[in-house]
Structure formats: structure tokens, C-alpha cells
Amino acid sequence: MSSISKLFTGLTAAVAAATVLVAAPAAHAADPPLRDLAAAKGKAIGTAVTGSKLTGTYGEIAGREFNWLTPGNAMKWGSVEPTRGNFNWTEADQIVDFAEAHDQDVRGHTLVWHSQNPSWLDNGTWTSAQLSQLMNDHIALEVGRYKGRLAAWDVVNEPFNEDGTYRQTLWYNGLGADYIAQALTAARAADPAAKLYINDYNVEGVNAKSTALYNLVRDLKARGVPIDGVGLQAHLILGQVPSTLQQNIQRFADLGVDVAITELDIRMQLPATEAKLAQQRTEYEAVVKACVAVTRCTGVTVWGFTDSDSWIPDTFPGQGAATPYDENYAPKPAYYGIVTALGGTGSQPPVPDGCTAAYSVANQWNTGFTGNVTIRCTGGSSLSSWRVNWTFGAGQRIGQAWNATCTQTGATVSCTNASWNGSVPNGSSVTFGFNASWSGSNPVPTVTLG
């Protein structure tokens, strides 16, 4: 085909416009908020939060959907005492105040850990007696500060290696394995009402590491050391949810302790596709159902509810999309998986009848073209976020987009709103554009529900 014929074909196609169905707004008319569903089953549903973000949409979702909050970083030793004897409680206080204003419980995180300690502590030279006193004083001060205001504490975090041996840390090397019993005893003295947990990762299924934790808890119970529960972090990978999760929860419960899933996220290799997101929904549902099935599983906390607040992309380059909400605070299929596990319908709200989007080709040349999509709401309908999807039919490839975030996997394209243009009030519209390549023909694509 000549370049003139190509251009004619493309411009003819550009005259047509395709109706693109857009994702539903962030309100969830079909089901009550997660916290109400969880409460009806006697469970907690929590999220880790960043205190400075607890305003606007982030704060509204955190308050509406969750009945527990965990400070992501604000209560770690390096945050509260960055230099010896100088304390910063600002963010921690902010989170506790927010929780109390929204009738939420708080899970303190974390008192004794090998990571995110202040440099003065990690780099100091301490005798066993000095180290013991530092730990006791820190626990007494921090737990005492929030006495009666926090429901639970992750007292000791990540004490084991993958093979079930004790992790070589400042605490283990200086005080021996009994630093764990010492920390729990100090926490109980500082707040007798708070539930005290040991928290670790890769202990969700039955394996060497979880068995070491099981044996530790059994030993602590036998010795009369105060231990109320275990936290299974559940930083999981798509397709790798342990088949023994519920069995493992149950065996800890049978020791006479509570179990909480404390840091749930399920990461995937990017870009996220509809198939991956559907699988993620199934796996979120399975994890929450495993907790619901065991009486002593107190609940599930997600490690950040929105992908924009997730630690995954910085720690695991090329991976992400691990949480129940996307970067623009729109609920993903995973959200509805949690709803289903908690006894809701899990049905995604229908697209408002009056909201459509039109795809057109604005400009075209021999090897490329510029496309536009305009999203419009009429008839009393509106959107607070949107997603449009289509499948190219002739090998076209997107290269650059503006006013939207677009990904392409194979022939399938998915575009979501930018942070500033998710809202489409009744009678209004927003437009985004993209450049793409083509060869041979450039038909208007078939569109599907986002």
C-alpha cells in the first residue's frame, strides 16, 4: 500500500468514534465499606498509613474502609528517636489521633527490630547490660506514651532466618535468644492491656521458618512469658500464595494465641494486565477467607491500600500493583475480592449510563499517529476516577501518553486518569492523548469495559 493510501485509510478511520466504557467511581453502592463487613464477622480490616497523607481522598478512604491502622514507619525506633535523647512523635501522634477520631484501633509497629534503627544505636558499642537497659527504656517510653490508646504491638519483628535459625542482629548477638522474652515482658509492664505480638515474613505457610516461630511461641507460653499473638506479614507474590496458609493459622491458634495477617500485599511483574488483576483478586480473597475461617485469626491488614503508597516498586524494581487500590485511588479487582471474602457480594458497580468516551485519530503520518480519547458524563452521571481499555487490531503500539497513564500488553491498552483529572462531573468532559505507531492500516479499535 502506498503512503498516500495509508494516510487515506487512517484518516477515514479517524472520522469514526468508538464508545469506550469507563471504570466505575470509587463509591461502592453494592456493598458496605470493608470495615462494616469485617466487623459483622468479628474481624479487623486494617491498613498501614503514612500520617502526612491522612487528608483528602487518602484520608477519606482510610477512615471509611478500615477499622485498624498501622503506622508504616512513624513508630519505628529510627523515626521516634533519630538522635539519642531527642524524640519526634509528630507523625505517630497524628495517626493515633486520626484513628481515635474515626473509631479505629491502632497496631503499634514495631519496638524491637534489626532494621530502621537510629545510627547512634546501630553504630554504638554496648555491653549486654547497656543494651538490655536501652531496650527496656525504649519499650517503657514508647508503649507507655500510648498506654490505653493502642490495641496491639508488634513487639519483636523478624527474629528468624529462612532456615529457622535466629537472625544475627544487634539484639540476638548482644543479649541472646531471650531478648524476645525480655522485650515481651517489658511491653506487658508498660501497658498490661495491649495485645503483644511477634511478627515475621515468609511464615504464612508451613515451612522451616514458621515452624521455628511456632516452637518459639510454644516455649514462651510454657514459660509464662506474655505473648498474645503472632503476625504473619504476608508480603506475597502473585501465584505463590501458600496452600497451607489456613492450616498454619490454625496450628498457631491451637497454641492458644491470636493470629493476624499484618502486612498483606500481593505483587506482580508489571505491567498489570486484566488477567493478572483477576488472579490477584482471587488470591486476596483466598488470603482473607483463610483468616475468616479461623476463629482466633483477628483480621487482616494491607500494607498500604493504594499502589501510590506501596513500598514494592522501590524495593522490587519492575514489580508493583500490589494493593487493593490503584495509584489514583480507584478500587481494583483485589478490593472486591476482599469484599467477597468478608461476606459481601463483591460485585463491581456498573458503569454510569451517562458516561462514555470517544476515541479518535487527530493526526496521522507515514509511521505514526496521534490519538485522543474524550470522556464525557451527561444525564446526571459523574465519575471520580476512570479507566478505558481497547485492543488494537492492526499492530499499533503506544509510545507516549499525556493526561493519563497508559500501558500496553500485546495488543491490549489500558489507560487510567492522572491525579488531577479523575473527576468528571455531570455535563463535563476530560481528554487525554497519545502518540502511537502504525503500519499497513489504522482501524478504530474494538473497546471493552474497563
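## Charges over rings

R107 sits over the face of Y197, 4.1 Å from the ring centre. The cut-off for a charge over a ring is NZ of Lys or CZ of Arg within 6 Å of the ring centre and within 35 degrees of the ring normal. K209 does likewise with Y201, lying over the face of that ring at 3.5 Å from its centre.

A quick word on provenance: this is a predicted model, where local features need pLDDT of at least 70, side-chain atom pairs count only at pLDDT 80 or more, and totals for chains, interfaces and linings use all residues. Residues are numbered from 1 along each chain as its sequence is written, and side-chain values use heavy atoms, with hydrogens and water left out.

## Salt bridges

How many salt bridges does the structure hold? The count is 16, taking a salt bridge as a side-chain nitrogen of Lys or Arg within 4 Å of a carboxyl oxygen of Asp or Glu.

One of them pairs E60 with R64, with the closest N and O atoms 2.8 Å apart. These two are four residues apart in helix 3 (residues 56–65), so about one helical turn separates them. Helices here are DSSP runs of H or I with at least four residues, strands are runs of E with at least two, and both are numbered from the N terminus. E60 is partly exposed at 39% relative accessibility, and R64 is partly exposed too, at 23%. (Buried means under 20% relative accessible area, exposed over 50%, and partly exposed in between, using a 1.4 Å probe and protein chains only.)

R64 also bridges to E65, where the closest N and O atoms are 2.7 Å apart.

E100 and R149 make another salt bridge, at 2.8 Å between the closest N and O atoms. This pair links distant parts of the chain: E100 is in helix 5 (residues 90–101), while R149 is in the loop between helix 7 (128–145) and strand 5 (152–157), 49 residues away. E100 is partly exposed at 42% relative accessible area, and R149 is partly exposed at 32%.

## Aromatic pairs

The structure has 22 aromatic pairs. Rings of Phe, Tyr and Trp (its six-membered ring) pair if their centres lie within 6.5 Å; planes under 30 degrees apart are stacked, over 60 edge-to-face, and the rest tilted. Take W77 and W120: their ring centres are 6.3 Å apart and their planes lie at 75 degrees, so the pair is edge-to-face. W77 is in helix 4 (residues 77–80) and W120 in helix 6 (residues 119–122), so the contact ties together parts 43 residues apart in sequence. W77 is buried at 2% relative accessible area, and W120 is buried at 16%.

W89 and Y146 form an edge-to-face pair as well, at 6.1 Å centre to centre with 75 degrees between the planes. What does this pair tie together? W89 lies in the loop between helix 4 and helix 5, and Y146 in the loop between helix 7 and strand 5, so the pair joins parts 57 residues apart in sequence. Both W89 and Y146 are buried.

There's a cluster as well: ring pairs link Y58, F66, F305, Y325, Y329, Y335 and Y336.
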